[in-house]
Amino acid sequence: MAIRIPIAPNADGYIVRETIPIYTNYFHAVSLSETTDIFKTSVDSFDLTPRPDYESYDVVDKIIKPLKNKPVNAVLKPDGDKLLLPLEGLLVLPDAALARKCPLVLIGHGNHTGYAVINDKDTPPTESSKGVYKITVLDQQVPSHIGYEEFQNTLAENGIASYSINLNIVNTLDNNEHKAFEKMALDFNQRILLFFLHLKLLKIIAGQPLAGDELPIRFLEGTVFKNIKDALQTSTHTGLMGLKTALQGKIDFTKLGFMGHSRGADAVSRVPAYFFKGATLADPSFPIHKEVNSRITKLSEEIGKPVQDSIKCILALEPTATKKNEGDPDPDKHGYIIQSQQTMYFVGVGTHDEDVSLDPVRIYEHPGSPKAMIAINGASHKRFNTVWATTTRDPEEFGKPPVSSNLLNLDQHKEILSVVYGSCFTATLANQASDLLFFTRERTFPIKLSKATDFQSAWKFGFPFSHPTPTVKDLDTKVTAPSSKKLRDSSFAFEQDISAFLEKRENAGIFSLKIPIAPTSATENLSKYTHFSFRFAKGYKLSPNPDRTEEKNLTIEFFENNNLVGKLIEGKDITTVELKALRAFDEIDQPGEKKEFKYSILLQTLEISFSGRFSTAELDKVNRIEIKIIPDPTKSPPRPASVVIGGSIGGAVVLGALGVGGAVLYNEKLGHPEQEKKKYIIIGGGLGGAALGAVFTYIFLKSDENAFAFKDFLLTNRQFP
């Protein structure tokens, strides 16, 4: 473990403590059911087959033994019949001037080269042979965990302690599961195991009592391992003593935040499964290995059965959000179940994510806690981690249009991480609740990005989170028309594969979506709330100008019976949302496939504030909300049916005649002697031309159809001190 403490607020320098030799007994699941412990010194070999199209390799011979036998800086240390794993991380604490208990954010990085390079490129599989892995254990590990240091400094400046955990052992050791959902579930749970081991370590050093110590943490004093609880009382190690002084009594473990990047994002999104909301833990809703799950559960009990409400914030940055297997009988067991109304869940995705793409925006649908989603135009994957950004080569797409056009550079990614995503934690852990207004666009993020950079967002939260009366009322069950349909089944480029209320129509007439309100109900009376919102997307023909901004051709009205309450609200007056398609990397189905950079349409939150629009007396009377789709004034109305049908017939006649003429010329040039075949060629040319003429003329004359998608109709009470 390394610790860095700011010398003074806004200072450039840091005190760098020496690395502190702390170790633990670790277990790695090589499959969902295999019980072999490859960290036991008695296990001499074990074959891993991470992919069925590659040859197996002996993980003990190729990785475990070299990590133990390195002549300099050996990673694994023998202790009895076990090889112990170092617990490493970067701890950044607020300045000593902020002498009070600090909230704590734990950070987990994603998959990247760790202790070894596992090369699957040099000898890929062929039609006749399997691929071969080339494995090289590195002299020095790649320290992914220090790649968020500037972000940690920002947290420290706001009075928040943070600890970024080294997860390289998870990145170095694979497993034998071949279905993506199961393989990744094991990976995420190994990361969660390390989160809990480090959380236990911090609680011990901070002087917090334990409820047991079945899984002890060891301190290496010279050549002897000691229980760290004993070492804290007897050791003279300057680093350990300095850490004890810095932490004891300084961390508020009832105010926790978690931030994960890439696979780390999925791990932190599943961490709440091991925090208590009753006397016992429920079984996780995702695949687990029995031993790993048992260890995490024991650790959670040992550190005092932390409650889910102690998690104030989770940031899932560029998650993988691995989909369940096709045809899975229980699709709801996706694993991302967060129900505490004290936990604010944030998901951040980027259009230029070269690794996981924009598709993991789907993870936003799962948590039942307060939540927000932000999709940043131009944000990539690796550039949020400075180590990744500076130790790997950019994909070739980054260097040429269209990908290069809006791609943000490393400094811009660092600014977004500190300013935009830092606001997730200042809002929930640093008594700066109004920072939540950045995500609802009621305030503007103070960043210096170019005007070409923008973001789209959605949210579902009231405030304060602990308010005794309801802060969010979902009205979806009160909507009877239009019907709910799968967006991906439509012909439009909707990104989210979810069901929503969907209305398709040409540019004519008015469609009304009506939501009845019961003003006598304590949970529906509008005077109890501050905002009305819904997620919305407009499907439209992307060509020939896919970068255009579409009109918000809708209105919102509030009624008492048939009497309008207040003023009609036009879509054009809701300036916090632009209806534009995002051009982003698309998910691939198989490893090695090339990602497409294509346009897609996200559902965004449209929200109106009642303040300044309605009096309390007016809100008390509202018993119906109507959202009307009106003709788009920038587009032509549809042509009469007689024109479309007549034109299609005319087109069929013209192209049919041309088809006949072309067939005659073809016959003459061919000089075919069989009259019967000549006749069929002429007939075929006429019919084919007529069909093409009818189709092309119909497409030309028929007006474009739009689709209007709605979801999450909400009444929200959001009030800040």
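Where is Pro544 found? Pro544 sits in the loop between strand 24 (531–539) and strand 25 (554–560); strands (E, at least two residues) and helices (H or I, at least four) are DSSP runs, numbered from the N terminus.

1. The model is predicted: local features need pLDDT of at least 70, side-chain atom pairs count only at pLDDT 80 or more, and totals for chains, interfaces and linings use all residues. Residues are numbered from 1 along each chain as its sequence is written, and side-chain values use heavy atoms, with hydrogens and water left out.

2. Two cis peptide bonds deserve a look. One runs from Ser543 to Pro544, with omega near 0 degrees. Another joins Pro401 and Pro402, with omega about 0 degrees; Pro402 lies in the loop between helix 9 (386–391) and helix 10 (403–406). Most peptide bonds are trans.

3. The largest nonpolar core has 99 residues, and Leu104, Leu106, Ile169, Ile228 and Phe258 have the most contacts inside it. Such a core is a set of buried Ala, Val, Leu, Ile, Met, Phe, Trp, Tyr and Cys residues joined through side-chain atoms within 4.5 Å. Helix 4 (residues 180–205) gives the largest share of this core, 14 residues.

4. Two residues other than glycine have positive phi. Asn561, in the loop between strand 25 and strand 26 (563–570), has phi near 55 degrees and is partly exposed at 48% relative accessibility. Asp712, in strand 31 (residues 706–716), has phi of about 60 degrees and is buried, at 10%. Buried means under 20% relative accessible area, exposed over 50%, and partly exposed in between (1.4 Å probe, protein chains only).
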